[in-house]
Amino acid sequence: RISGIVKGLLQFSQYPNEVAVDVRINDIIVNALSLIEHETRAEGIKIIRDFDPDIPVVMGNAENLIQVFFNLLSNARDSLRSRGGEIRVSTRTKPHSHRGPGSDNYVEISIEDNGCGISEENLEKIFEPFFTTKETGNGTGLGLSISYGIVKDHGGTIDVKSVLNKGSIFTVSLPAKKE
């Protein structure tokens, strides 16, 4: 019962349901990167941008999508904090065959780090509200849960692959705007 109440509170407080507009994902990611680049540079973390300049627009809420990518980039940065390393951010278009016959193209955004990774037992829980592997005071456990909800509301998915002590890849797929 408590879990249901908390989920309801999270949905109420997460983000406004605003009208969707044309969104250029590369611009959204550049905005999210600008929020963490100073810290990453100071911590010896290299950011590699691999953007497809020709990806289609998506319909969405720019502020909410910036929040998603800021959360994912912040987590990648945190996984590299005391060790330095790289974050690779890439964008590309996946044709409809990627999602099955009759589906539309998707814009795919990958954020890959060579940080500490996520254990198998924690991979199953990372999108749950209030779950965190960070030390007390360093995380609320809401970033990935909220990001998951925003991406789902945009008709997309978030997938994660991770190997402990080797790194993680978070992949967000969003439906491209129909032409």
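Me: What should I keep in mind about the numbering and the values?
Reply: Residues are numbered from 1 along each chain as its sequence is written. In this predicted model, local features need pLDDT of at least 70, side-chain atom pairs count only at pLDDT 80 or more, and totals for chains, interfaces and linings use all residues, while side-chain values use heavy atoms, with hydrogens and water left out.

Me: Why is His 154 called buried?
Reply: Buried means under 20% relative accessible area, exposed over 50%, and partly exposed in between (1.4 Å probe, protein chains only). His 154 has 14%, so it counts as buried.

Me: What makes the approach of His 154 to Asn 61 a polar contact?
Reply: The term asks for a pair of N or O atoms within 3.5 Å; within protein, one must be able to donate a hydrogen and the other to accept it, and residues adjacent in sequence count only if both atoms are side-chain atoms. A polar atom of the His 154 side chain lies 3.0 Å from the backbone nitrogen of Asn 61. The His 154 side chain also reaches the backbone oxygen of Ile 150, at 2.8 Å.

Me: Which residues beyond four places in sequence does His 154 touch?
Reply: With contact meaning heavy atoms within 4.5 Å, they are Met 59, Gly 60, Asn 61, Asn 64, Leu 65, Leu 174 and Pro 175.

Me: Which members of the largest nonpolar core touch the most others?
Reply: Such a core is a set of buried Ala, Val, Leu, Ile, Met, Phe, Trp, Tyr and Cys residues joined through side-chain atoms within 4.5 Å. Among its 35 residues, they are Ile 25, Leu 65, Phe 69 and Ile 87.
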